[in-house]
Structures are given as C-alpha cells and as structure tokens.
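Colleague: Before I plan anything around this protein, could you take me through the model, starting with its charges and then turning to its fold?

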Amino acid sequence: MTDHVISRNPTSGEIIATYPLQSAAELETALQQSASAFAQWRNTEIAQRVKVLRQLGEQLRQRQDQLATLATLEMGKPIAQARAEVLKCASLCDWYAEHGPAMLADQPTLVENQQAWQSFRPLGVILAVMPWNFPYWQVLRGAVSMLLAGNTYLLKHAPSVMGCAWLMQELFAATDLPRGAFNVINVDNDGVSAAIKDPRVAAIAVTGSVRAGGAIAAQAGAVLKKTVLELGGADPFIVLADADLDAAVASAVTGRYQNSGQVCMAAKRFIIEESIAEAFEARFSAAVQALKVGDPLQEETYIGPMARYDLRDELDHQVQETLQQGARLVLGGHKIEGVGNYYAPTILADVTPAMTAFRQEIFGPVAAITVARDAQHALQLANDSEFGLSATVWSGNEALAQELAEQLETGAVFINGNGASDPRVAIGGVKKSGYGRELSSFGVHEFCNIQTVWKNRR
C-alpha cells in the first residue's frame, strides 16, 4: 500500500507534486481542530459568518489566475473553463452572503394558539469526500452553505487534485474563519473509515461514483450518521422533431464536451426523434469536429486531456465494447497518440438500450445517439436507466416538454436550454444518482438540526 498520493500533469505526464498520506495521529489532530473550531463557530453571529463568505469571494477573485492554472495543471481543465469555475465559486459566496441569513432565520408559527418556532442549528463537523473534475466548485458549493449554517468542514479531496485542496485551505486561512473550521485531510480509505466512525464527525457528504457512495453510505449508516450523495449520471438529452435544431445542437456540444466530458450532471445519452435523427447527427458531428483539442493552458482550447490515465483506458474500453455490440462510429473512437492523456472527441450512433454506452455512465468526451420513434418512446428510453441525475428536453411544444419533464425520473430537467448548477436552485439525484440536495435553501438545511421549540405549551 502506498504511503503517498501523486499529482500528475495529464498534459505532459510529469509529476507535479507528491503528498504523503497523513498518519492516524495527524488525522486525530485534524479532527480535534475541526471539533474545537465547531465549538467556537457554531456560536458566531450570522453577520460574522457572512463576512467570512464575502472575504472568501474576494480571495477567489484576487487569486483566480493562480487557482485556475493549478486546476489546469492538475486535472487538465481548459484554462478558460477553469477560470470560469473560480469566478462561479466567488459568485456562490456572494449569493449565500446575501440570501443565506434569511434561510437560517427562525420560522415562527402558531399551533392551536400555542407559540412555536422552528430553528436551524448546525450539526457539527461534516466530512466531505469530493472528486477531481471540478476541484473548487464541487467543494465550495457544499462548504459555503455548511459553514454558513455554523458547521465545520473536513475535506478529503481526490488524490490527483490535492494541490487544489491545500490552496483552498490557504484561501480560508486568509479570512476570519477560525483555524480548523475548513480543514483538509490526506488519508486513504482506512482513514476515511476512521473519520466516519469518529463521534466528532456528525455527517458525511459525497460526490463521486456509485461504488464510493454506496461504500461510504453503508459505513455511515452503521453508525447512524446522515449522508448526502451526488453520484453518477447517464443523463438523457431528448430532441423532438419540432425542436430548434441549431440551438439543440449547440446545447448538445456544450452539454457533452465541456470539461472534456468529465461532468456528472451532463448530457450523455442523446435520444433523438426518428424524423430528425439524420440531420441532428450531421450537424452535431460537424460542430464536434470544429472543437479545438490541445494544450489546456491555451485560451482557444475547448477539450484538454482527460484527468487520469486509468480513466482514459476505462473510457476506451467502454467505447470499443459498444462498437462490438453493434453501434456505429461517427467520429473519433480512439486514444490520441503522443504525449498527453487525450481521447478523441467521439460520437457513437445506433446505440440501443442493451449497449454499454447506454447502460453505463460515460465519463469523457463521448456521445451516444439513440433514435426514438416519438415523444413517448423518447421518455421510455430516457427513464430506462439506473441513474437519475438530470435530463434535457428540446421541443417547440413547451406544453409537451413540460409534460415529459413531469414524468422524467431525474433530479433536474432543463427545457430548451443548457444544463447548469446555480445556487438559487437545488441539485441532486434519484435512483443510483444519490439522494439529498445541494445549493439553495435545501442545501443549507440538509446539514442542520431543524429544531422545533414550543413556548408555554399547555
């Protein structure tokens, strides 16, 4: 078993840094710091918490180039997209600073003329196990709301982006947040298990694979601790015959190939009504071919390398297996030779529900096209999945699109628009895509003790 993790540049293959795993004693120190910080932070006035969020937003803006460059170096995100991620995190801080206090205000009510109210109390130390694909946004979209509520945040980040994790800790250290209220740990699976079992940890948040989420949820359940899971997705992207085809194609390209296709809540299964399937494929293929693949530090690059070499191997296996099962290769379908962990932007057509690219999550620059007879068949295909994170519907008939949205088994539906996450609305999944919600007031309340208080009840 290794005693360290490695940050490796997927563009060059070179090692950026090596980070030793922390010992049991070092984990104990981190837990003590987080618990001690909670004892202080939970009693801090909401105005002080808001001040810290505004300070964090300012830090993110001041250091956006440093943050973006490190993300590009560690996981290959094109620099323009990395910079946008940092600024989105800053806007998140601003939004919660403005709207968060109202979410945590007591909610008074009268019950049979007896005075009562509901209060939102923090739970304690929240352990967060986070992925590499959005190394800042995935962390901060949970951490900001949890800290606002008075919790403290213990981050176990993905091994390949530990540099981003430590840099975020630096940013928090430059604010008035108590030391230890945002803490990073670098531990293996045994260390995660020890933290889950530790009585000072109150709850666990996970974004990652179904396998990782299931394993952590099982351990947390054994000690009766709450979990919020955002796991995999095989999100359907439905295009009906009456859709604005040019707009749908543009949205499809962004939805599938942003971040080199390494997005949980993103278009993956393209379900196209039969009468426009040929036209969609032609326009989609032309648009994908026009995307710039190359050095992610160049502003014009849209698709960079995949984050890890093992993930590229897994993706290629899924593509080749789908082709062997009878799919038709429209574009790509291979690793790009030479230096760097690149995979050619790929389109698979004639994909059926029995094939790998339909049934599994495809995490990379690969789109799978399936033809539907009509709107109801498209709905049936969309729901024929063990995942339920998000879905997209394109149709000129918004009433029909709304009807389909009501029947889609997903946590989010986007009608005639691009998929996105935004602090004003909740995100999360159903089925094997997980449970619980992040963002909006729902994300704040997920990690609160919603305490009911009665006064003078008789």
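Colleague: How far apart are the mean positions of the positive and negative charges of the protein?

Modeller: This is a predicted model, in which local features need pLDDT of at least 70 and side-chain atom pairs count only at pLDDT 80 or more, while totals for chains, interfaces and linings use all residues. Residues are numbered from 1 along each chain as its sequence is written, and side-chain values use heavy atoms, with hydrogens and water left out. Lys and Arg count as positive and Asp and Glu as negative, leaving out His and the chain ends, and each charge is placed at NZ of Lys, CZ of Arg, CG of Asp or CD of Glu. For the 37 positive and 48 negative charges, the mean positions lie apart by 8 Å.

Colleague: What radius of gyration does the protein have?

Modeller: The chain forms 15 helices and 20 strands, counted as DSSP runs (H or I of at least four residues for helices, E of at least two for strands) and numbered from the N terminus. The globule rule, 2.2 Å times the number of residues to the power 0.38 with the radius taken over C-alpha atoms, gives 23 Å for 458 residues, and the protein comes close to this, so it is as compact as a globular protein of that length, with a radius of gyration of 23 Å.

Colleague: What share of the residues counts as buried?

Modeller: Buried means under 20% relative accessible area, exposed over 50%, and partly exposed in between, using a 1.4 Å probe and protein chains only. Over the 458 residues of the protein, the buried share is 57%.

Colleague: In β9, which residue is the bridge partner of Ala205?

Modeller: Within this sheet, β5 and β8 pair in the parallel sense over five bridges, with Ile126 partnered by Ala203 in β8. Strand β8 also runs parallel to strand β9 (residues 226-230), joined by five bridges. In β9, the bridge partner of Ala205 is Val228.

Technical notes:
Two strands pair if DSSP finds at least two bridges between them.
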